[in-house]
Amino acid sequence: MTRKDMSKIGNRKNKSRGESASGIPAVDSPDVDGLRESTASPPWKLERRSAFSIFGLFALALTTSLLSTLSPFSRMLPWIDSAAFLSIGHWMHEGLFPYRDIFDHKGLFLHAINFAGMFGGRTGVWLFEVFFLFATAAFSYKTARIWLGRVAAFLATLVLYSFLHDFFTNGNMPEEYAMAFLSASLFVYARFFDGLGPVLSCPATARAGGARPAAGDWPHASAANGEPPGRWQSLVLGACLGSALFLKINFLSLWLAFSILLFIRAARKGAWCFFIRHMIWLAAGAGLVVVPALGLIAGKQAFLAWAEQVIFFNAQYSNEADGLRFLKNIVLAFKKNPLASAALVIHLLLARRHWKSEAVYFHAALAFSILLTVVLFSRTPFLGNHYHMTLFPLSLPAFALCAKRLLQTRLRLPVFTGGLAAVSCAIFAGQGMCFYEAISKNFSPHDDGTNAPGRGRAYTSYTREKLEKVRAATPRGAGSVIVIGNNCNLYFCADALPASSYVYQWPVGRISKKIGDQFQRDICEGLPELLFLAWPYVRVTPTLEVDSASLFGDFPRLRALLENDYERIHAESGLAVLYRRKRLVP
């Protein structure tokens, strides 16, 4: 038998197993490991499996949302940033508008979510969290399904997001909502680069015999070839970009990275027709969000304030970290998130391996977006854990491709069984930690142990019971109130509007001397009837001592004001000190 005859027999065997000539499982055939269903299955079986997938993804989103302090089962107060967003959403119902009446450097879409959610109170905002987490899980699952079967895609999504609890930071953060837009956009880009969309040139080029990518060029390529993202897909990408920018202005790494790599691809291949058309529709999609948002801001006479707070203050805030601190933050970021570190290495290796194929653009774009995301949030002086949440959707393709390669490798049965057991243990361990975190926070919060080593921040002891005690001690009918520090939860204790637009002053008062001076003028001229001292200007001790050196070092004009015009009426350990103007005493 000749070598040619043996090759024909091998090709027939591959076809009988549903593989292409390149060894990649065909789209319409069962997976070699039984983790991709056959299209010949009865329709009701597919629908049943889809229902199970939807239920599993919703369970994942609901479980993750229990980590939020806004869930109805939580006894903890919202974290300092989340409390500020809730307060702004509440005051928008009172006729105030962010940027014009209240200082904040986050995007308008974040405040719109809190405004809409506050129709149902904190539980209403929590329901928005559940929705966005479900959207993130669903689009991540759909992205994994490009390369994996239903079971494997669901397990990949579950294992990846089971580690999210380390970075959730009590919920209602802009990164949490941005994950949905990142996941949706990545799904569109992944489908395009996997060969399920139109060729990377204009239709005239295709009719003239333009080259189509071969099915087996990429390690994850399918047998089908289609066209690049059409106008609707590009519009969706642009709308996701605009929404992400109006959550936080530095959430642009994914779209920027893919646009740069598509530009490089167009320059190398001469596919300018597709690139220009794609960028036009991408800009149009972003305009569908950006133009109405800017129109609303301008209509509320808040455009200059928005530009000063969101653009210029964010630029100032991002430059607080010097060169050494910036490099240290980058190292710490990759150290804290090993999944993102592994994804970066995987995409760099795959880009190098497939340097001469179309796959290089996909892997290079994802590696660049991961690196750019870390660089952008490492510019801040404080490296918050919640910054890492946007890296999870970007890490999914590398995770799914590794799972696909594992399934395609003909491992022996004991080894493969051991791998599945390890994956199962990781799933249960991750989800178990999520449940433990939620349960310990909801039913046994740290009440008086804030002086223990490694637990020195005041917000670790914030409970709803303590806030209710402060609310009971707060006089009713006050005309104005201010919180000195950073705990906007205290504004809900008094039915009054803030006496200054700077409803929180740490660390913004230290970053901008202009903000610190304006805040002191507002207090000295307005003389609010109620005044709270909160973290970090109170020491978290049983007696709750005021940190005078820190307070009067930041705001020296308040020393005489507190000594002469206010009296202390209540102190709640681990939370705040309440003062009242002396002239209100009968």
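Which residue does Ala 534 stand opposite in β5? Ala 576. Keep in mind that this is a predicted model. That residue pair gives us a way into the sheet. Strand β3, residues 530-534, pairs with strand β5, residues 576-581. The sense is antiparallel, over 5 bridges.

Now the whole sheet. It is open, with 5 strands. Read the order as β2-β1-β3-β5-β4. The pairing is mixed. At the edges stand β2 (497-498) and β4 (566-572). Each has a single partner strand, so one side of each is left without a neighbour in the sheet.

What lies across β3, β4 and β5? Helix α18, residues 464-473. Relative to β4, α18 runs at about 150°.

Next, a helix pair. Take α9, residues 231-245, and α11, residues 272-299. Their axes come within 6 Å. They cross at roughly 45°. That angle makes α9 oblique to α11. The handedness of the α9 and α11 crossing is right-handed.

Who makes the contact? From α9, we have Arg 231, Ser 234, Leu 235, Leu 237, Gly 238, Ala 239, Gly 242 and Ser 243. From α11, the list includes His 278, Trp 281, Leu 282, Gly 285, Leu 288 and Val 290. By class, the residues of this α9 and α11 contact divide into 10 nonpolar, 6 polar and 1 charged.

To recap: an open sheet of 5 strands, α18 across β3, β4 and β5, and α9 crossing α11 at roughly 45°.

How values were computed: Residues numbered from 1 in each chain as written. Predicted model: local features only at pLDDT ≥ 70, side-chain atom pairs only at ≥ 80, totals over all residues. Heavy atoms only, no water. Axes fitted to C-alpha atoms, helices over the stretch in contact; angles between N-to-C directions. Helix = DSSP H or I, 4+ residues; strand = E, 2+ residues; numbered from the N terminus. Parallel < 35°, antiparallel > 145°, perpendicular 65-115°, else oblique. Left-handed = near helix turned anticlockwise from the far one by under 90°. Contact = heavy atoms within 4.5 Å. Nonpolar A, V, L, I, M, F, W, Y, C, P; charged D, E, K, R; others polar. Pairing = 2+ DSSP bridges.
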